Amino acid sequence: MNRNKKVFKIILTLCFVCCFLSINAVYSATDKGSVYFFNFKPEADEAWQELAKLYTSKTGVEVKVDTVIGGNYHQSLVEKLESGKAPTLFQLAPATLNGMEKYCFNLAHTDFYKELTNDNYSLKDSMGRICGVAYAIETYGIIVNRDLLEKAGYDISDITSLYELQAIAEDITSRREHLGFSAFCSSGMDKSSDWRFKTHLANMPIHFEYQDSRANLLKRIQGDYLDNYRKIWNLYINNSTCPPDELFVTTVDEAREEFISGKAVFYQNGSWEFVNLMNSGFNKYKLAMIPLYFGVGDEDNQGLCTGTENYWCVNRKASFKDIKATLDFITWCVTSNDGTNAMAHKMGFAIPFKKAVYSENIFIQQNAMYTAMGKNPVPWDFTTIPSDEWKTQLGLALTAYAANQTDLNWEKVVKAFVSNWEKEYQNKKQ
């Protein structure tokens, strides 16, 4: 009987221990919190999904990545933040910080903020709080297929200005049937593609006005360089793989495929496209990126457009454990071998953190080369664009002009650019 009592006590003790361990395991798992990243960059979605799974496998912390593709990120973000399923990690740009400060956890004392190579890569509100930290410094310009350019009888060194770019593009167009390719990929105005022109190309006339005024923020713009904007837009759409009146349905995937399949020499895009081109089997040494020559200023010393609008922000309204989990995840991304390698090689980012690894991205390397040669990078002044509505109206005007290239239709582009800029800044005050 005593033996049976001892066995019973042992079994009871084991049950109690197992129960305790189970409860403790559940508590520990839930106590770790979770991460919900609302990602702005669709081209990096697959790499982020992989990195999230890797982090979860290493730490047990759930990381969900949700990516907006072909939509209005900022509007979707506002809706999510006001819902019951708000992200813990999201992105803002300087132009979208206003009114969003209430959602931003102050990152001033976080481990990853201390890893920044320069405080200029932080996003501050009017009180000096660190609302966001840049996680990708990127570059854009005109991507060139060196092989096709050589088949047309030219070299990269032949293009040092808008005048030369125009002469070469128009010559290729005149021999398109014989050469078997066009000068430019399609300048699609579908939502997946139009940002390349209503934002990135629009940066050029915006930038030169900033340069003239020496201002940090212009709430009224004059449109002094819109003739140059028209000239380069005409060059794109009239020397392209696609008829101008079909641009409204042409996507960025189509433009990329045209470039990959050798249908065009030139493709306006950025360093983020490197991974996509490599995944297609493109030889990186056949690639180059040249500046967005605009026919203004010292073009001999013009570099690539370099900057960021990609600032990580942490939702201060999330639970304490989710905030901590999110801060830990970001720190791991920018300091660990797994994180830094994924961001450099799988996402193609140059990250502004002390433990960043060397990037194989040839566009990032070329940007460094241009800078070392004394060429001046063109800053991302488009981050001061007053609203998404401004971009939408400009995109519609550019599309209408492409289909019917009259002075009257260009005046509508000018109005969308100049009048709407001031109007949208006035709306922000209300």
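1. Buried residues are those under 20% relative accessible area, exposed ones are over 50%, and partly exposed ones lie in between (1.4 Å probe, protein chains only). Both F197 and W233 are buried by this criterion.

2. The model is predicted, so local features need pLDDT of at least 70 and side-chain atom pairs count only at pLDDT 80 or more, whereas totals for chains, interfaces and linings use all residues. Residues are numbered from 1 along each chain as its sequence is written, and side-chain values use heavy atoms, with hydrogens and water left out.

3. The whole structure contains 31 aromatic pairs. Rings of Phe, Tyr and Trp (its six-membered ring) pair if their centres lie within 6.5 Å; planes under 30 degrees apart count as stacked, over 60 as edge-to-face and the rest as tilted. The pair of Y135 and W312 is stacked, because the ring centres are 4.4 Å apart and the planes lie at 15°. Y135 belongs to the loop between β5 (130-134) and β6 (138-145), and W312 to strand β11 (residues 311-314), 177 residues apart. Y135 is buried at 0% relative accessibility, and W312 is buried with a relative accessible area of 0%.

4. F197 and W233 form a tilted aromatic pair, at 5.3 Å centre to centre and 50° between the planes. Since F197 lies in helix α7 (residues 195-201) and W233 in helix α9 (residues 226-238), the pair ties together parts that are 36 residues apart in sequence. Helices (H or I, at least four residues) and strands (E, at least two) are DSSP runs, numbered from the N terminus.

5. Helix α2 (residues 45-59) packs against helix α12 (residues 320-335) at an angle of about 110°, with the axes 12 Å apart. Axes are lines fitted to C-alpha atoms, for helices over the stretch in contact, and angles run from 0 to 180 degrees between N-to-C directions. From α2, the residues W48, L51, L54, Y55 and K58 meet A325, D328, F329, W332 and C333 of α12; contact means heavy atoms within 4.5 Å.

6. Ring pairs link a cluster that includes W48, Y55, F329 and W332, together with Y135 and W312. F37 and F349 are also among the cluster's residues.

7. Q366 lies in helix α14 (residues 362-372) and is buried, with a relative accessible area of 10%. Not counting residues up to four places away in sequence, Q366 touches R146, L287, A288 and M289. The C-alpha atoms of Q366 and S271 are separated by 10.0 Å, and these residues are 95 residues apart along the chain.
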